[in-house]
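Here are some friendly notes for a first look at this structure. Please keep the view open as you read, and turn to each place as it comes up.

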Amino acid sequence: MTTILDDISRTFGEYLLIPRLTRKGQHPDQVCLRTPLSVIESDKSPGFQINIPLVSACMQSVSGPRLSIALARQGGLSFIYCSQDIDSQAEMIRQVKTHKAGFVQSDSNATQDMTLREVINLMKNTGHSTVPVTDDGTASGELLGLITDQDFWEFEDDLGKPVVQHMTPIDKVIYGNEGINLREANRLLHQHKKNCLPILDEDGKLTSLVFKKDYEDHQRHPFELLDESKRLCVGAGINTYDYRERVPAVIQAGADVLCFDSSDGFNEYQVEGIQWLRKTFDSKIVIGGGNVVSAEGFDYLVQQGEVDFVKVGMGGGSICITREQKGVGRGQASALLDVVVRRDEYFQQTGRYIPICSDGGLANDTQIIIALAMGADFVMMGRYFAMTEESPPQKTSINGQMYKPYWAEGTRRAQNWQRYGDDTQPREMLFEEGVDAYVPLVGNLAEVLEMTIYKLRSTMVNVGADSLAEFRKQAMLTLVSEQSVIEAGTPNVFQFTASRDFEDLG
Ligand code: IMP
(Lines give C-alpha, C1' and ligand atoms only; values in the text may rest on other atoms or scores of the structure.)
Protein backbone atom coordinates (compact mmCIF):
# COMPACT_ATOMS: atom_id res chain seq x y z
CA MET A 1 0.00 0.00 0.00
CA THR A 2 1.13 3.54 -0.65
CA THR A 3 2.85 5.23 2.29
CA ILE A 4 1.86 8.80 3.07
CA LEU A 5 4.30 10.62 5.35
CA ASP A 6 2.86 12.44 8.34
CA ASP A 7 4.61 15.76 7.81
CA ILE A 8 4.26 17.96 4.75
CA SER A 9 7.18 18.85 2.50
CA ARG A 10 8.76 21.92 4.06
CA THR A 11 11.19 24.57 2.82
CA PHE A 12 13.78 26.73 4.61
CA GLY A 13 11.61 29.84 4.40
CA GLU A 14 9.23 28.25 6.93
CA TYR A 15 11.75 28.27 9.77
CA LEU A 16 13.31 30.80 12.08
CA LEU A 17 16.14 30.50 14.59
CA ILE A 18 15.56 31.34 18.24
CA PRO A 19 18.50 33.20 19.82
CA ARG A 20 20.43 31.40 22.56
CA LEU A 21 22.81 32.77 25.15
CA THR A 22 25.65 34.83 23.68
CA ARG A 23 28.69 34.71 25.94
CA LYS A 24 30.79 37.77 26.72
CA GLY A 25 33.69 38.04 24.33
CA GLN A 26 31.99 36.15 21.50
CA HIS A 27 32.51 38.00 18.24
CA PRO A 28 31.70 37.19 14.59
CA ASP A 29 35.39 37.45 13.63
CA GLN A 30 36.31 34.67 16.04
CA VAL A 31 33.81 32.15 14.73
CA CYS A 32 35.38 29.15 12.96
CA LEU A 33 33.69 28.08 9.71
CA ARG A 34 35.94 25.15 8.86
CA THR A 35 33.90 22.08 7.99
CA PRO A 36 34.56 18.49 6.89
CA LEU A 37 33.96 16.95 3.46
CA SER A 38 35.20 13.50 4.29
CA VAL A 39 33.95 10.91 6.73
CA ILE A 40 35.24 11.34 10.29
CA GLU A 41 35.98 8.21 12.28
CA SER A 42 35.31 8.95 15.96
CA ASP A 43 38.90 8.60 17.11
CA LYS A 44 40.52 10.38 14.14
CA SER A 45 40.82 13.98 13.05
CA PRO A 46 38.84 15.01 9.96
CA GLY A 47 40.47 14.35 6.59
CA PHE A 48 39.52 16.83 3.89
CA GLN A 49 38.06 20.11 5.17
CA ILE A 50 37.03 23.38 3.60
CA ASN A 51 37.41 26.77 5.26
CA ILE A 52 33.91 28.11 4.58
CA PRO A 53 30.84 25.89 4.24
CA LEU A 54 29.98 26.80 0.65
CA VAL A 55 30.61 24.86 -2.56
CA SER A 56 29.56 25.63 -6.12
CA ALA A 57 27.33 23.35 -8.18
CA CYS A 58 28.55 20.98 -10.92
CA MET A 59 26.96 23.13 -13.63
CA GLN A 60 28.15 24.56 -16.94
CA SER A 61 26.88 28.02 -16.08
CA VAL A 62 28.50 27.98 -12.63
CA SER A 63 31.72 26.08 -12.03
CA GLY A 64 34.37 26.96 -14.59
CA PRO A 65 38.05 27.53 -13.76
CA ARG A 66 37.71 31.25 -13.05
CA LEU A 67 34.96 30.77 -10.47
CA SER A 68 36.74 27.75 -9.00
CA ILE A 69 39.89 29.78 -8.46
CA ALA A 70 37.98 32.69 -6.95
CA LEU A 71 36.03 30.42 -4.59
CA ALA A 72 39.04 28.38 -3.45
CA ARG A 73 40.82 31.65 -2.74
CA GLN A 74 37.99 32.47 -0.33
CA GLY A 75 38.12 29.06 1.35
CA GLY A 76 35.30 27.23 -0.49
CA LEU A 77 35.34 24.59 -3.21
CA SER A 78 33.94 24.27 -6.73
CA PHE A 79 32.92 21.13 -8.52
CA ILE A 80 33.90 21.44 -12.15
CA TYR A 81 31.04 20.08 -14.22
CA CYS A 82 31.15 16.72 -15.96
CA SER A 83 28.66 17.59 -18.68
CA GLN A 84 31.60 18.07 -21.03
CA ASP A 85 34.15 15.72 -22.53
CA ILE A 86 36.76 14.23 -20.23
CA ASP A 87 39.70 16.13 -21.70
CA SER A 88 38.11 19.53 -21.33
CA GLN A 89 37.04 18.83 -17.74
CA ALA A 90 40.59 17.67 -16.92
CA GLU A 91 41.98 20.78 -18.58
CA MET A 92 39.76 23.04 -16.43
CA ILE A 93 40.93 21.21 -13.30
CA ARG A 94 44.52 21.60 -14.41
CA GLN A 95 43.99 25.35 -14.85
CA VAL A 96 42.88 25.63 -11.22
CA LYS A 97 45.70 23.44 -9.92
CA THR A 98 48.38 25.31 -11.87
CA HIS A 99 47.01 28.70 -10.91
CA LYS A 100 49.75 30.47 -9.05
CA ALA A 101 48.14 32.54 -6.36
CA GLY A 102 48.44 36.13 -7.45
CA PHE A 103 49.54 35.29 -11.01
CA VAL A 104 46.53 35.34 -13.31
CA GLN A 105 46.13 34.54 -17.00
CA SER A 106 44.87 37.59 -18.82
CA ASP A 107 41.42 37.00 -20.30
CA SER A 108 41.00 40.45 -21.91
CA ASN A 109 43.61 41.10 -24.56
CA ALA A 110 43.85 43.42 -27.56
CA THR A 111 45.95 43.98 -30.66
CA GLN A 112 47.37 47.43 -31.33
CA ASP A 113 45.13 48.06 -34.34
CA MET A 114 41.89 47.36 -32.49
CA THR A 115 39.80 50.51 -32.06
CA LEU A 116 39.13 52.16 -28.71
CA ARG A 117 35.47 51.28 -29.22
CA GLU A 118 36.33 47.58 -29.47
CA VAL A 119 38.48 47.80 -26.34
CA ILE A 120 35.71 49.54 -24.41
CA ASN A 121 33.30 46.74 -25.41
CA LEU A 122 35.87 44.18 -24.28
CA MET A 123 36.24 45.95 -20.92
CA LYS A 124 32.47 46.08 -20.49
CA ASN A 125 32.07 42.39 -21.33
CA THR A 126 34.82 41.11 -19.08
CA GLY A 127 34.62 43.72 -16.33
CA HIS A 128 38.39 44.26 -16.58
CA SER A 129 39.84 47.73 -16.90
CA THR A 130 43.42 46.71 -17.74
CA VAL A 131 43.99 45.13 -21.14
CA PRO A 132 47.39 43.87 -22.33
CA VAL A 133 48.15 44.64 -25.97
CA THR A 134 49.95 41.75 -27.64
CA ASP A 135 51.16 41.10 -31.19
CA ASP A 136 48.45 38.50 -31.82
CA GLY A 137 45.81 39.64 -29.32
CA THR A 138 46.22 36.51 -27.16
CA ALA A 139 47.16 36.06 -23.50
CA SER A 140 50.52 34.57 -24.51
CA GLY A 141 51.55 36.86 -27.36
CA GLU A 142 54.48 39.29 -27.32
CA LEU A 143 53.56 42.22 -25.07
CA LEU A 144 53.53 45.54 -26.97
CA GLY A 145 51.84 47.71 -24.36
CA LEU A 146 49.03 48.09 -21.84
CA ILE A 147 45.80 49.99 -22.16
CA THR A 148 43.59 50.83 -19.19
CA ASP A 149 40.39 52.84 -18.74
CA GLN A 150 42.60 55.71 -17.52
CA ASP A 151 44.23 56.05 -20.96
CA PHE A 152 41.20 57.56 -22.73
CA TRP A 153 37.99 59.45 -22.15
CA GLU A 154 35.07 57.50 -23.53
CA PHE A 155 32.97 60.59 -24.30
CA GLU A 156 35.81 62.90 -25.44
CA ASP A 157 38.22 60.79 -27.50
CA ASP A 158 37.66 59.55 -31.03
CA LEU A 159 36.67 55.94 -30.40
CA GLY A 160 37.58 54.96 -33.95
CA LYS A 161 41.28 55.55 -33.18
CA PRO A 162 43.54 52.49 -32.83
CA VAL A 163 44.72 51.29 -29.43
CA VAL A 164 48.35 52.00 -30.33
CA GLN A 165 47.69 55.74 -30.06
CA HIS A 166 46.48 55.50 -26.45
CA MET A 167 48.30 52.59 -24.87
CA THR A 168 51.38 52.75 -22.65
CA PRO A 169 54.03 51.28 -24.96
CA ILE A 170 56.20 48.41 -23.77
CA ASP A 171 59.30 50.60 -23.19
CA LYS A 172 57.31 52.50 -20.54
CA VAL A 173 55.61 49.47 -18.97
CA ILE A 174 56.92 48.22 -15.61
CA TYR A 175 56.99 44.42 -15.83
CA GLY A 176 58.42 41.42 -14.01
CA ASN A 177 60.39 38.53 -15.46
CA GLU A 178 59.07 34.98 -15.45
CA GLY A 179 60.22 33.16 -12.31
CA ILE A 180 59.74 36.18 -10.05
CA ASN A 181 57.95 35.28 -6.82
CA LEU A 182 54.75 36.90 -5.61
CA ARG A 183 56.41 38.85 -2.83
CA GLU A 184 58.85 40.40 -5.32
CA ALA A 185 56.04 41.14 -7.81
CA ASN A 186 54.01 42.91 -5.12
CA ARG A 187 57.11 44.86 -4.11
CA LEU A 188 57.45 46.15 -7.72
CA LEU A 189 53.77 47.15 -7.78
CA HIS A 190 54.22 49.01 -4.52
CA GLN A 191 57.49 50.67 -5.49
CA HIS A 192 56.19 51.90 -8.87
CA LYS A 193 52.67 52.71 -7.62
CA LYS A 194 51.10 50.47 -10.26
CA ASN A 195 47.84 48.52 -10.25
CA CYS A 196 48.97 45.79 -12.63
CA LEU A 197 52.30 44.10 -13.30
CA PRO A 198 52.63 41.99 -16.48
CA ILE A 199 55.04 39.05 -16.22
CA LEU A 200 57.05 38.31 -19.37
CA ASP A 201 59.18 35.35 -20.44
CA GLU A 202 62.62 35.81 -21.94
CA ASP A 203 61.14 36.37 -25.44
CA GLY A 204 58.97 39.21 -24.18
CA LYS A 205 55.83 37.09 -24.29
CA LEU A 206 53.12 37.62 -21.71
CA THR A 207 52.79 34.79 -19.18
CA SER A 208 50.57 36.31 -16.49
CA LEU A 209 49.48 39.45 -14.68
CA VAL A 210 49.79 40.41 -11.02
CA PHE A 211 47.24 42.86 -9.62
CA LYS A 212 47.46 45.14 -6.61
CA LYS A 213 43.79 44.39 -5.88
CA ASP A 214 44.58 40.67 -5.59
CA TYR A 215 47.26 41.44 -3.03
CA GLU A 216 44.75 43.48 -1.04
CA ASP A 217 42.16 40.75 -1.49
CA HIS A 218 44.56 38.15 -0.15
CA GLN A 219 45.29 40.27 2.92
CA ARG A 220 41.55 40.53 3.55
CA HIS A 221 40.80 36.86 2.91
CA PRO A 222 43.53 34.66 4.29
CA PHE A 223 41.40 31.49 4.11
CA GLU A 224 42.57 30.12 0.77
CA LEU A 225 41.88 26.42 0.38
CA LEU A 226 45.23 24.87 -0.47
CA ASP A 227 46.47 21.28 -0.87
CA GLU A 228 49.71 19.96 0.64
CA SER A 229 51.68 21.44 -2.27
CA LYS A 230 50.10 24.88 -1.74
CA ARG A 231 47.97 24.57 -4.87
CA LEU A 232 44.31 25.66 -4.81
CA CYS A 233 41.83 22.82 -4.22
CA VAL A 234 39.13 21.88 -6.69
CA GLY A 235 36.45 19.21 -6.99
CA ALA A 236 35.19 17.28 -10.00
CA GLY A 237 31.67 16.19 -10.83
CA ILE A 238 31.52 12.63 -12.16
CA ASN A 239 28.72 10.44 -13.50
CA THR A 240 27.79 6.78 -13.41
CA TYR A 241 28.25 6.43 -17.16
CA ASP A 242 31.96 7.00 -17.81
CA TYR A 243 33.70 7.10 -14.38
CA ARG A 244 36.15 4.37 -15.41
CA GLU A 245 37.71 6.76 -17.94
CA ARG A 246 36.80 10.13 -16.38
CA VAL A 247 38.04 9.57 -12.84
CA PRO A 248 41.64 8.61 -13.74
CA ALA A 249 41.81 11.72 -15.96
CA VAL A 250 40.48 14.15 -13.35
CA ILE A 251 42.63 12.66 -10.61
CA GLN A 252 45.67 12.92 -12.87
CA ALA A 253 44.74 16.58 -13.46
CA GLY A 254 44.73 17.12 -9.68
CA ALA A 255 41.10 16.95 -8.52
CA ASP A 256 40.98 16.85 -4.71
CA VAL A 257 37.39 15.67 -4.30
CA LEU A 258 34.97 13.72 -6.51
CA CYS A 259 31.22 13.94 -6.39
CA PHE A 260 28.61 11.99 -8.29
CA ASP A 261 26.40 14.46 -10.10
CA SER A 262 23.02 12.82 -10.22
CA SER A 263 19.51 14.11 -9.64
CA ASP A 264 18.64 10.78 -7.98
CA GLY A 265 21.57 9.00 -6.35
CA PHE A 266 19.47 6.37 -4.60
CA ASN A 267 20.33 3.74 -7.18
CA GLU A 268 22.48 0.72 -7.79
CA TYR A 269 24.55 2.28 -10.57
CA GLN A 270 25.96 4.84 -8.18
CA VAL A 271 26.84 2.33 -5.49
CA GLU A 272 28.49 0.14 -8.11
CA GLY A 273 30.54 3.18 -9.18
CA ILE A 274 31.58 4.05 -5.63
CA GLN A 275 32.62 0.46 -4.93
CA TRP A 276 34.69 0.40 -8.12
CA LEU A 277 36.39 3.68 -7.20
CA ARG A 278 37.13 2.47 -3.67
CA LYS A 279 38.73 -0.68 -5.07
CA THR A 280 40.65 1.02 -7.85
CA PHE A 281 42.06 4.11 -6.13
CA ASP A 282 43.85 5.06 -2.95
CA SER A 283 41.42 4.74 -0.02
CA LYS A 284 42.10 8.41 0.81
CA ILE A 285 40.21 9.58 -2.27
CA VAL A 286 37.23 11.75 -1.19
CA ILE A 287 33.95 10.73 -2.86
CA GLY A 288 30.57 12.40 -2.45
CA GLY A 289 27.34 10.65 -3.35
CA GLY A 290 23.76 11.70 -3.94
CA ASN A 291 21.41 13.25 -4.36
CA VAL A 292 19.04 11.70 -1.85
CA VAL A 293 16.08 13.17 0.04
CA SER A 294 15.40 10.54 2.69
CA ALA A 295 17.02 8.62 5.53
CA GLU A 296 16.53 5.51 3.43
CA GLY A 297 18.59 6.97 0.58
CA PHE A 298 21.28 8.08 3.03
CA ASP A 299 21.54 4.59 4.53
CA TYR A 300 21.85 2.99 1.13
CA LEU A 301 24.72 5.21 -0.04
CA VAL A 302 26.58 5.12 3.26
CA GLN A 303 26.25 1.43 3.99
CA GLN A 304 26.57 0.01 0.49
CA GLY A 305 28.73 2.67 -1.09
CA GLU A 306 30.96 3.99 1.70
CA VAL A 307 30.71 7.58 0.53
CA ASP A 308 32.53 10.39 2.31
CA PHE A 309 29.66 12.83 2.16
CA VAL A 310 26.06 12.73 1.05
CA LYS A 311 24.39 15.39 -1.01
CA VAL A 312 20.71 16.11 -0.25
CA GLY A 313 18.15 17.71 -2.55
CA MET A 314 15.77 16.99 -5.36
CA GLY A 315 13.56 19.43 -7.13
CA GLY A 316 14.39 22.52 -5.06
CA GLY A 317 16.98 24.13 -7.35
CA SER A 318 16.13 27.62 -8.58
CA ILE A 319 16.14 26.45 -12.21
CA CYS A 320 14.70 23.02 -11.52
CA ILE A 321 11.33 21.75 -12.76
CA THR A 322 11.74 18.09 -11.81
CA ARG A 323 8.84 18.16 -9.35
CA GLU A 324 6.52 19.66 -11.94
CA GLN A 325 7.68 17.35 -14.70
CA LYS A 326 7.79 14.08 -12.83
CA GLY A 327 6.16 14.53 -9.41
CA VAL A 328 9.26 13.43 -7.50
CA GLY A 329 11.36 15.35 -4.99
CA ARG A 330 10.90 16.77 -1.52
CA GLY A 331 10.85 20.15 0.18
CA GLN A 332 14.50 20.88 0.91
CA ALA A 333 14.09 21.47 4.66
CA SER A 334 12.17 18.23 5.19
CA ALA A 335 14.69 16.27 3.13
CA LEU A 336 17.62 17.75 5.03
CA LEU A 337 16.09 17.23 8.47
CA ASP A 338 15.26 13.60 7.71
CA VAL A 339 18.80 12.86 6.55
CA VAL A 340 20.42 14.80 9.41
CA VAL A 341 18.52 12.81 12.03
CA ARG A 342 19.66 9.60 10.36
CA ARG A 343 23.26 10.83 10.04
CA ASP A 344 23.34 11.57 13.79
CA GLU A 345 21.85 8.16 14.68
CA TYR A 346 24.36 6.48 12.40
CA PHE A 347 27.17 8.34 14.16
CA GLN A 348 25.89 7.22 17.57
CA GLN A 349 25.72 3.63 16.36
CA THR A 350 29.00 3.38 14.44
CA GLY A 351 31.23 6.28 15.47
CA ARG A 352 31.38 7.35 11.80
CA TYR A 353 30.33 10.93 11.06
CA ILE A 354 29.20 11.48 7.46
CA PRO A 355 29.12 15.14 6.40
CA ILE A 356 25.97 16.27 4.63
CA CYS A 357 25.69 18.80 1.83
CA SER A 358 22.39 20.62 1.30
CA ASP A 359 22.17 21.13 -2.46
CA GLY A 360 20.00 23.73 -4.18
CA GLY A 361 17.03 25.93 -3.42
CA LEU A 362 18.82 28.45 -1.21
CA ALA A 363 17.16 31.70 -2.15
CA ASN A 364 19.08 34.08 0.12
CA ASP A 365 21.65 34.34 2.90
CA THR A 366 19.06 33.56 5.57
CA GLN A 367 18.31 30.21 3.99
CA ILE A 368 22.02 29.33 3.86
CA ILE A 369 22.14 30.02 7.59
CA ILE A 370 19.02 27.94 8.30
CA ALA A 371 20.38 25.00 6.28
CA LEU A 372 23.59 25.02 8.32
CA ALA A 373 21.63 25.38 11.57
CA MET A 374 19.50 22.37 10.59
CA GLY A 375 22.57 20.22 10.34
CA ALA A 376 24.10 20.57 6.88
CA ASP A 377 27.91 20.57 7.11
CA PHE A 378 28.07 22.64 3.94
CA VAL A 379 25.78 23.86 1.17
CA MET A 380 26.02 23.61 -2.60
CA MET A 381 24.66 26.47 -4.69
CA GLY A 382 24.23 27.26 -8.35
CA ARG A 383 22.29 30.51 -8.67
CA TYR A 384 24.28 32.26 -5.94
CA PHE A 385 27.53 31.78 -7.83
CA ALA A 386 25.99 32.21 -11.30
CA MET A 387 25.23 35.82 -10.28
CA THR A 388 28.90 36.71 -9.85
CA GLU A 389 31.41 38.21 -12.29
CA GLU A 390 33.42 34.98 -12.18
CA SER A 391 30.72 32.58 -13.42
CA PRO A 392 31.49 31.29 -16.94
CA PRO A 393 28.77 32.97 -19.06
CA GLN A 394 29.26 36.44 -20.55
CA LYS A 395 27.21 39.10 -18.82
CA THR A 396 24.54 40.84 -20.82
CA SER A 397 22.49 44.01 -20.47
CA ILE A 398 18.68 43.80 -20.47
CA ASN A 399 16.75 47.06 -20.07
CA GLY A 400 19.77 48.73 -18.52
CA GLN A 401 20.35 46.06 -15.87
CA MET A 402 23.25 43.59 -16.12
CA TYR A 403 22.44 39.88 -16.07
CA LYS A 404 24.21 36.57 -16.39
CA PRO A 405 22.72 33.59 -18.22
CA TYR A 406 22.05 30.67 -15.86
CA TRP A 407 20.85 27.39 -17.30
CA ALA A 408 20.02 24.09 -15.65
CA GLU A 409 21.86 20.86 -16.34
CA GLY A 410 18.59 19.20 -17.31
CA THR A 411 18.03 21.53 -20.27
CA ARG A 412 18.61 20.64 -23.89
CA ARG A 413 21.25 23.36 -23.83
CA ALA A 414 23.37 21.55 -21.21
CA GLN A 415 22.62 18.07 -22.59
CA ASN A 416 23.54 16.47 -19.26
CA TRP A 417 21.51 13.33 -19.87
CA GLN A 418 23.85 11.39 -17.57
CA ARG A 419 22.52 13.32 -14.56
CA TYR A 420 18.95 12.22 -15.15
CA GLY A 421 19.24 8.55 -15.88
CA ASP A 422 21.80 5.95 -15.26
CA ASP A 423 21.47 4.03 -18.46
CA THR A 424 24.69 2.64 -19.72
CA GLN A 425 24.14 4.12 -23.18
CA PRO A 426 23.81 7.76 -24.26
CA ARG A 427 20.17 8.65 -24.71
CA GLU A 428 18.07 11.42 -26.11
CA MET A 429 16.55 13.88 -23.60
CA LEU A 430 12.83 13.47 -24.19
CA PHE A 431 11.83 16.23 -21.80
CA GLU A 432 13.65 18.88 -19.80
CA GLU A 433 14.01 18.96 -16.01
CA GLY A 434 15.30 22.51 -15.80
CA VAL A 435 15.03 25.92 -17.41
CA ASP A 436 17.31 28.32 -19.24
CA ALA A 437 17.22 31.66 -17.41
CA TYR A 438 18.97 34.90 -16.46
CA VAL A 439 20.05 36.08 -13.02
CA PRO A 440 21.08 39.61 -12.02
CA LEU A 441 24.80 40.29 -11.90
CA VAL A 442 25.66 41.21 -8.32
CA GLY A 443 29.41 41.82 -8.33
CA ASN A 444 32.53 39.83 -7.82
CA LEU A 445 32.59 36.70 -5.72
CA ALA A 446 34.76 38.08 -2.93
CA GLU A 447 32.37 40.98 -2.29
CA VAL A 448 29.27 38.81 -2.36
CA LEU A 449 30.77 36.17 -0.09
CA GLU A 450 32.01 38.70 2.40
CA MET A 451 28.44 39.76 3.18
CA THR A 452 27.08 36.20 3.37
CA ILE A 453 29.88 35.04 5.63
CA TYR A 454 29.55 38.00 7.90
CA LYS A 455 25.81 37.40 8.32
CA LEU A 456 26.46 33.72 9.06
CA ARG A 457 29.10 34.54 11.67
CA SER A 458 26.85 37.12 13.23
CA THR A 459 23.91 34.67 13.51
CA MET A 460 26.20 32.07 15.04
CA VAL A 461 27.05 34.56 17.75
CA ASN A 462 23.29 35.14 18.35
CA VAL A 463 23.04 31.42 18.99
CA GLY A 464 26.17 31.37 21.16
CA ALA A 465 28.16 29.16 18.77
CA ASP A 466 31.87 29.39 18.00
CA SER A 467 31.93 26.65 15.36
CA LEU A 468 29.53 25.06 12.90
CA ALA A 469 29.32 21.90 15.00
CA GLU A 470 28.28 24.01 17.98
CA PHE A 471 25.84 25.91 15.78
CA ARG A 472 24.07 22.66 14.85
CA LYS A 473 24.00 21.58 18.47
CA GLN A 474 22.75 24.89 19.85
CA ALA A 475 20.27 25.69 17.08
CA MET A 476 16.65 25.91 18.14
CA LEU A 477 14.26 26.43 15.24
CA THR A 478 10.61 27.29 15.06
CA LEU A 479 8.10 27.04 12.24
CA VAL A 480 6.73 30.41 11.20
CA SER A 481 3.17 31.36 10.42
CA GLU A 482 2.28 33.45 7.36
CA GLN A 483 1.57 36.34 9.68
CA SER A 484 4.99 36.16 11.27
CA VAL A 485 6.60 36.21 7.82
CA ILE A 486 4.79 39.49 7.19
CA GLU A 487 5.86 40.77 10.61
CA ALA A 488 9.50 39.96 9.75
CA GLY A 489 9.41 42.51 6.93
CA THR A 490 8.65 46.20 7.29
CA PRO A 491 4.98 46.27 6.28
CA ASN A 492 3.96 49.24 8.43
CA VAL A 493 6.40 51.88 7.26
CA PHE A 494 6.86 53.59 3.94
CA GLN A 495 10.33 53.22 2.41
CA PHE A 496 11.58 55.70 -0.15
CA THR A 497 13.65 53.13 -2.01
CA ALA A 498 12.72 49.56 -2.53
CA SER A 499 16.36 48.58 -2.12
CA ARG A 500 16.70 45.13 -0.69
CA ASP A 501 19.55 42.74 -0.51
CA PHE A 502 20.58 41.53 -3.95
CA GLU A 503 19.41 38.02 -3.28
CA ASP A 504 15.77 39.09 -3.17
CA LEU A 505 16.04 40.09 -6.80
CA GLY A 506 16.83 36.65 -8.07
P1 IMP B 1 20.30 26.56 -7.00
O2 IMP B 1 21.44 26.85 -6.07
O3 IMP B 1 18.97 26.72 -6.34
O4 IMP B 1 20.40 27.34 -8.28
O5 IMP B 1 20.38 25.01 -7.35
C6 IMP B 1 21.53 24.40 -7.88
C7 IMP B 1 21.30 22.92 -7.91
O8 IMP B 1 20.22 22.60 -8.80
C9 IMP B 1 22.45 22.09 -8.46
O10 IMP B 1 23.49 21.88 -7.54
C11 IMP B 1 21.76 20.81 -8.86
O12 IMP B 1 21.62 19.92 -7.78
C13 IMP B 1 20.37 21.28 -9.25
N14 IMP B 1 20.15 21.27 -10.72
C15 IMP B 1 20.96 21.67 -11.72
N16 IMP B 1 20.37 21.53 -12.92
C17 IMP B 1 19.15 21.03 -12.66
C18 IMP B 1 18.05 20.64 -13.50
O19 IMP B 1 18.05 20.73 -14.73
N20 IMP B 1 16.96 20.13 -12.85
C21 IMP B 1 16.91 19.97 -11.50
N22 IMP B 1 17.90 20.35 -10.69
C23 IMP B 1 19.00 20.86 -11.26
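1. Let us begin with a pair of helices: helix 1 and helix 2 cross in a right-handed way. Please bear in mind throughout that this is a predicted model. Helix 1 covers residues 65-73 and helix 2 covers residues 86-97; the two pack at an angle of about 35 degrees, and their axes are 9 Å apart.

2. A second pair worth a look is helix 8 (residues 295-305) with helix 10 (residues 332-350), whose axes lie 8 Å apart at an angle of about 45 degrees. Helix 8 is therefore oblique to helix 10. The crossing of helix 8 past helix 10 is right-handed.

3. To find the contact between these two, look on helix 8 for Ala295, Phe298, Asp299 and Val302. Their counterparts on helix 10 are Asp338, Val339, Val341, Arg342, Arg343 and Tyr346. This contact of helix 8 with helix 10 comprises six nonpolar and four charged residues, and no polar ones.

4. In what order do the three strands of the open sheet run? The order is 7-8-9, and the pairing is antiparallel. Strand 7 (130-134) and strand 9 (168-169) are the edge strands, as each of them pairs on one side only.

5. You can follow one part of that sheet residue by residue. Strand 8 (residues 143-148) runs antiparallel to strand 9, and two bridges join them. Gly145, for example, has Pro169 of strand 9 as its bridge partner.

6. Finally, please turn to the ligand. How many residues surround the ligand? There are 24, and the closest are Gly317, Gly382, Ala408, Gly410 and Gly434. Strand 19 (378-381) and helix 12 (383-386) each contribute at least two residues to this shell.

7. The make-up of the shell is also worth noting. Around the ligand there are eleven polar, nine nonpolar and four charged residues.

Note on methods:
Residues are numbered from 1 along each chain as its sequence is written. This is a predicted model: local features need pLDDT of at least 70, side-chain atom pairs count only at pLDDT 80 or more; totals for chains, interfaces and linings use all residues. Axes are lines fitted to C-alpha atoms, for helices over the stretch in contact, and angles run from 0 to 180 degrees between N-to-C directions. Helices (H or I, at least four residues) and strands (E, at least two) are DSSP runs, numbered from the N terminus. Angles under 35 degrees count as roughly parallel, over 145 as roughly antiparallel, 65 to 115 as roughly perpendicular and the rest as oblique. A crossing is left-handed if the near helix is turned anticlockwise from the far one by less than a right angle, and right-handed if clockwise. Two residues are in contact if their C-beta atoms, placed from the backbone, lie within 7 Å. Ala, Val, Leu, Ile, Met, Phe, Trp, Tyr, Cys and Pro count as nonpolar, Asp, Glu, Lys and Arg as charged, and the others, Gly among them, as polar. A residue is near a molecule or strand if its C-beta atom, placed from the backbone, lies within 6 Å of it. Two strands pair if DSSP finds at least two bridges between them.
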